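Please examine the sequence and the model shown here.

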Amino acid sequence: MQSFFGRASRNQRTFRPKKSAPAGNNGMKLKRHIDATLGSGNLREVVRLPVGEDLNEWLAVNTVDFFNQVNILYGTLMEFCTPATCPTMSAGPKYEYRWADGVKIKRPIEVSAPKYVEYLMDWIEAQLDEESIFPQKLGAPFPPNFRDVIKTIFKRLFRVYAHIYHSHFQMILKLQEEAHLNTCFKHFMLFTWEFQLIDRAELAPLRELIEPILVGH
């Protein structure tokens, strides 16, 4: 996929540098496990919790990976996803997403798709950098609400996929990135389903795409 990575590097200013796996605990070992099993092509196997490993560590390392994937995918579309082309963050005519983080913006506000994604990536990056949520030190505990934070991250990353498929798939085809997008999304959905990270109702905008993934594994 030379064109994909070529475009990504040219758009360096439009998305963040890759985040690294959490350094604490088994972070790097689990990251190596993901990379090794991805090569097998069996995504169902890739998402499973390795025997004897801690679930929270597995969720943490994969969350960083999925954040990086969505970051890069969206980065290739930045010049086509603008306030003019996408004045709202939507996934087709029935679904519109408003932004709130509960801290700086407490009430949901309507923003353009690129602004929503900017807010989202800033918010996720802040969660990943917060050591009380994503521990970096060996043996440091995960917080009691860790799974809730993960679920919110995944729900919001899904919205970026939903926007890409509904609003920019023709451009994805033009850029010949559809195989990469589909593989990333399949991996994301199988992991989400394995650990029940997104409520069914949230998946409605891409239901027709998701059902064959889950049934056809």
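**Cysteines, fold and charged side chains**

The sulfur of C86 lies 3.8 Å from the closest cysteine sulfur, that of C81, which is too far for a bond. A disulfide is here a pair of cysteine sulfur atoms within 2.5 Å, and a search of the whole structure finds 0 disulfides. C86 is buried, at a relative accessible area of 6%. C184 is likewise buried, with a value of 7%. For these classes, buried means under 20% relative accessible area, exposed means over 50%, and partly exposed lies in between, with a 1.4 Å probe and protein chains only.

The model is a predicted one, in which local features need pLDDT of at least 70 and side-chain atom pairs count only at pLDDT 80 or more, while totals for chains, interfaces and linings use all residues. Residues are numbered from 1 along each chain as its sequence is written, and side-chain values use heavy atoms, with hydrogens and water left out.

The protein chain contains 9 helices and 2 strands. Helices (H or I, at least four residues) and strands (E, at least two) are DSSP runs numbered from the N terminus. Read in that direction, the order of elements is α-α-α-α-β-β-α-α-α-α-α. Of the 217 residues, 51% count as buried. With contact taken as heavy atoms within 4.5 Å, residues 24 or more positions apart account for 73% of the contacts in the protein chain with a separation of 6 or more. The chain exposes about 11,000 Å², of which carbon and sulfur atoms supply 52%; accessible areas come from the Shrake-Rupley method with a 1.4 Å probe, and for residues only the protein chains shown count as cover.

Helix α3 (residues 43-47) includes R44, a residue that is buried at 13% relative accessible area. The side chains of R44 and E194 are joined by a polar contact of 3.4 Å. A polar contact is a pair of N or O atoms within 3.5 Å; within protein, one must be able to donate a hydrogen and the other to accept it, and residues adjacent in sequence count only if both atoms are side-chain atoms.

Polar atoms of the D101 side chain do lie 2.8 Å from the backbone nitrogen of V103 and 2.9 Å from the backbone nitrogen of K104.

A salt bridge is defined as a side-chain nitrogen of Lys or Arg within 4 Å of a carboxyl oxygen of Asp or Glu, and by this rule the count comes to 6. One of them links E45 and R48 at 2.7 Å, N to O; E45 is partly exposed at 39% relative accessibility, and R48 is partly exposed at 36%. In another, the closest N and O atoms of E96 and R98 are 3.5 Å apart. E96 is partly exposed at 39%, as is R98 at 44%.

The side chains of E118 and K115 also meet in a salt bridge, 3.5 Å from N to O. These two residues are 3 apart in helix α5 and are therefore separated by about one helical turn. E118 is partly exposed at 37%, and K115 is partly exposed at 30%. Elsewhere, salt bridges that share partners join E96, R98 and E110 into one network.
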